[in-house]
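Below is a briefing on one protein chain.

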Amino acid sequence: MTEALLIFDAEEIAERDGARFQLDVDPREFGELGAEFKLASPVAVTIEFSVGGSQLLMACQVRGKWDAPCSRCLAPCAEGLSAAVDETYPIGAEKINAKEDIRQAILLSMPVKPLCRQDCKGICALCGKNKNQVDCDCAPPRTSPFSKLERFKKGK
Ligand SMILES: [Zn+2]
Ligand SMILES: [Zn+2]
């Protein structure tokens, strides 16, 4: 049964003049999604097929949650997943495998800069302490790796 998940019979759907599916999908179905982001289980997938001439139109909505490391302090945080994909498939072809199209939509919706909270202070570049938890005494961030290099050059 799991094998048939997200694989649909185009002809059968066309005979019924469309169909609607609501599925809870194990994120592992989508395979490796790359990066450090992980999809929480399950992923809610809603698919609506309608018939348009010799084609099936698919409107798909994906809802779920990412477990992602904060882009500033690396603390785990949850980001909402919300993706949509519209696709057309020929009727009369073999089965419709919507998995790859949905996977692409999920990949596109990945959070760019997840934050554990809007005002996350991040990690001190000097002492490495998480500034959300402790205030360190390091000078405020004029410190990029390059300024260190500058000092090194001048010292010579
Ligand atoms: Zn953070
Ligand atoms: Zn510090």
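**Backbone, fold and confidence**

Residues are numbered from 1 along each chain as its sequence is written, and chains are lettered from A and ligands numbered from 1 in the order in which they are written.

- Most residues other than glycine have a negative phi, and most peptide bonds are trans.
- Asp17, a residue other than glycine, has a positive phi near 60° and sits in the loop between helix H1 (10-15) and S2.
- Leu74 is not a glycine either, yet its phi is positive, about 70°.
- The loop between S5 and strand S6 (76-90) holds Leu74, which counts as partly exposed with 14 C-beta neighbours inside 10 Å.
- A cis peptide bond, with omega near -5°, links Ser41 to Pro42; Pro42 lies in the loop between strand S3 (38-39) and S4.

**Overall make-up**

- The protein chain has 3 helices and 7 strands, where helices (H or I, at least four residues) and strands (E, at least two) are DSSP runs numbered from the N terminus.
- Read from the N terminus, the order of elements is β-α-β-β-β-β-β-β-α-α.
- Buried residues make up 16% of the 156 in the protein chain.
- Of the contacts with a separation of 6 or more, 59% join residues 24 or more positions apart; a contact means that two C-beta atoms, placed from the backbone, lie within 7 Å.

**Strand pairing**

- Strands S2 (residues 19-25) and S4 (residues 43-52) run antiparallel and are joined by 7 bridges; two strands pair if DSSP finds at least two bridges between them.
- Gln22 has Thr46 in S4 as its bridge partner.
- S4 is also antiparallel to strand S5 (residues 55-69), with 9 bridges between them, and Ala44 stands opposite Arg63 in S5.
- The hairpin of S4 and S5 has 2 residues between the strands, and Gly53 there takes a positive phi near 65°.

**Confidence**

- Mean pLDDT of the protein chain is 87, with 86% of residues at 70 or more; pLDDT is the predictor's confidence in each residue, from 0 to 100.
- Among the elements, S4 has the highest mean pLDDT (96) and helix H3 (residues 145-155) the lowest (59).
- Where pLDDT is low, the predicted coordinates should not be read in detail.

How values were computed
This is a predicted model: local features need pLDDT of at least 70, side-chain atom pairs count only at pLDDT 80 or more; totals for chains, interfaces and linings use all residues. A residue is buried if 20 or more other C-beta atoms lie within 10 Å of its own, exposed if 12 or fewer, and partly exposed in between; C-beta atoms are placed from the backbone.
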